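Reader: I would like to learn how to read a model like this one. Where do we start?

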Amino acid sequence: MLLQGYFDDSGSHGGDGLYVLGGFLAPDVSWARFSAEWQQALAKEPAIDYFKMSEAISLRGQFARWPAALRDQKVFELAEVAEKHAVARISAMVYKQDFDAHIKGASPWRELDSPYFLLYNQVVVLTVNFIGELGKRSLDISGATVEFIFDDQGLLGEDAVSWWEVLKQALAPEQVQLLVQQPSFGSDKRQLPLQAADLLAWSVRHVAEGGEASVLTGAVVQRLKRVPPYGGFVSADQMRDSLPELAAISEPYWPR
């Protein structure tokens, strides 16, 4: 069985608040059905070519000159498609203040100065832990593998992939067996599941920052809450504990 996780970030390229990396996990056959239904929802009048939550909220781009009520309906219908096909919603979050205090500038590697790298690593760990939990519930996960697809990040993505073998050293052997190939990065305009990940990541951040009361976000969040959650905040203690371990396993690959 091949599981695929599609993930996007929200807030990690600027601002002073919360960084989020989140997305959905599902079998590859489910993603094929998802894509067909997502495309139908996009094409439903009034049609849009692609979905991006920031454009929906600001009523620009694909949503320019849309009435808010019509926008709300389109976003909710897309959330219904994601909820129908995903087996888990996985997200990792960290506050900029905590990240700057415990990680940024504390290591000899420039890659670690980006919150994206921390959350990318955390999402991988959360995903393999979640699959392990499925096995503990008497579900057959023998032969299961997982593929990670992230929204394109340019140099950040290249850095993340370059650390792939290092990060695997911190996992248990049964977890490493799930990781048969390194992550890939794609365009959310071409890979429809990444549009769903964008919807989730934005919603998670908005709720954590106190925005669930809005009509749009509240309805979407209630729909997405039907998908089993896994993840949460990366605590200050986790960051303090992880840096020495990462340094230790990194020495053979990236001498300081």
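Author: With a definition: two strands pair if DSSP finds at least two bridges between them. The model here is predicted. In it, E2 and strand E3 (residues 88-95) pair in the antiparallel sense over eight bridges. Val20 stands opposite Met93 in E3.

Reader: Which strand pairs with E2 through Tyr6, and what is the bridge partner of Tyr6 in E2?

Author: The partner of Tyr6 is Phe24 in E2. Strand E1 (residues 2-10) pairs with E2, again over eight bridges and in the antiparallel sense.

Reader: How many strands does the open sheet have, and in what order?

Author: Six strands, in the order E5-E4-E1-E2-E3-E6, and the pairing is mixed. Strand E5 (184-186) and strand E6 (229-233) each have a single partner strand, so one side of each is left without a neighbour in the sheet. On average, neighbouring strands are turned by 20° against each other, direction ignored.

Reader: In which sense do strand E4 and E5 pair, parallel or antiparallel?

Author: Strand E4 (residues 145-151) pairs with E5 in the parallel sense, over three bridges. Phe150 stands opposite Phe185 in E5.

Reader: Is E2 covered or exposed?

Author: E2 is mostly covered, as ten of its ten residues are buried. The cut-off for buried is under 20% relative accessible area. Across the 256 residues of the protein chain, 51% count as buried.

Reader: How is a pair of aromatic rings described?

Author: By the distance of the centres and the angle of the planes. This structure holds 18 aromatic pairs. One of them joins Tyr19 and Phe99, with 6.4 Å centre to centre and 80° between the planes, an edge-to-face arrangement. Tyr19 is in strand E2 (residues 18-27) and Phe99 in helix H4 (residues 96-102), so the pair links parts of the chain 80 residues apart, where strands and helices are DSSP runs.

Reader: Are Tyr19 and Phe99 buried or exposed?

Author: Tyr19 has a relative accessible area of 5%, so this residue is buried. Phe99 has 1% and is therefore buried. Another pair is Trp38 with Phe51: the ring centres are 6.2 Å apart and the planes at 80°, so this pair is edge-to-face. Trp38 lies in helix H1 (residues 28-43), and Phe51 in the loop between H1 and helix H2 (53-58), so the pair ties together parts that are 13 residues apart in sequence. Trp38 counts as buried, at 0% relative accessibility, and Phe51 is buried with a relative accessible area of 0%.

Reader: Which residues form one aromatic cluster?

Author: The cluster is made of Phe7, Tyr116, Phe117, Tyr120, Phe148, Phe150, Trp163, Trp164 and Phe185.

Reader: Which charged end sits over the ring of Tyr50?

Author: That of Lys189, 4.6 Å from the centre of the ring.

Reader: What can be said about the protein chain as a whole?

Author: Its secondary structure comes to eleven helices and six strands. A compact globule of 256 residues would have a radius of gyration near 18 Å, and the protein chain agrees with that, having 18 Å. The C-alpha trace spans about 55 × 45 × 30 Å along its principal axes. Among contacts between residues at least 6 apart in sequence, 77% join residues at least 24 apart.

Technical notes. Residues numbered from 1 in each chain as written. Predicted model: local features only at pLDDT ≥ 70, side-chain atom pairs only at ≥ 80, totals over all residues. Heavy atoms only, no water. Helix = DSSP H or I, 4+ residues; strand = E, 2+ residues; numbered from the N terminus. Axes fitted to C-alpha atoms, helices over the stretch in contact; angles between N-to-C directions. Phe/Tyr/Trp six-rings, centres within 6.5 Å; stacked < 30°, edge-to-face > 60°. Buried < 20%, exposed > 50% of the residue type's maximum accessible area, 1.4 Å probe, protein only. Lys NZ or Arg CZ within 6 Å of the ring centre and 35° of its normal. Rg over C-alpha atoms; globule rule 2.2 N^0.38 Å. Contact = heavy atoms within 4.5 Å.
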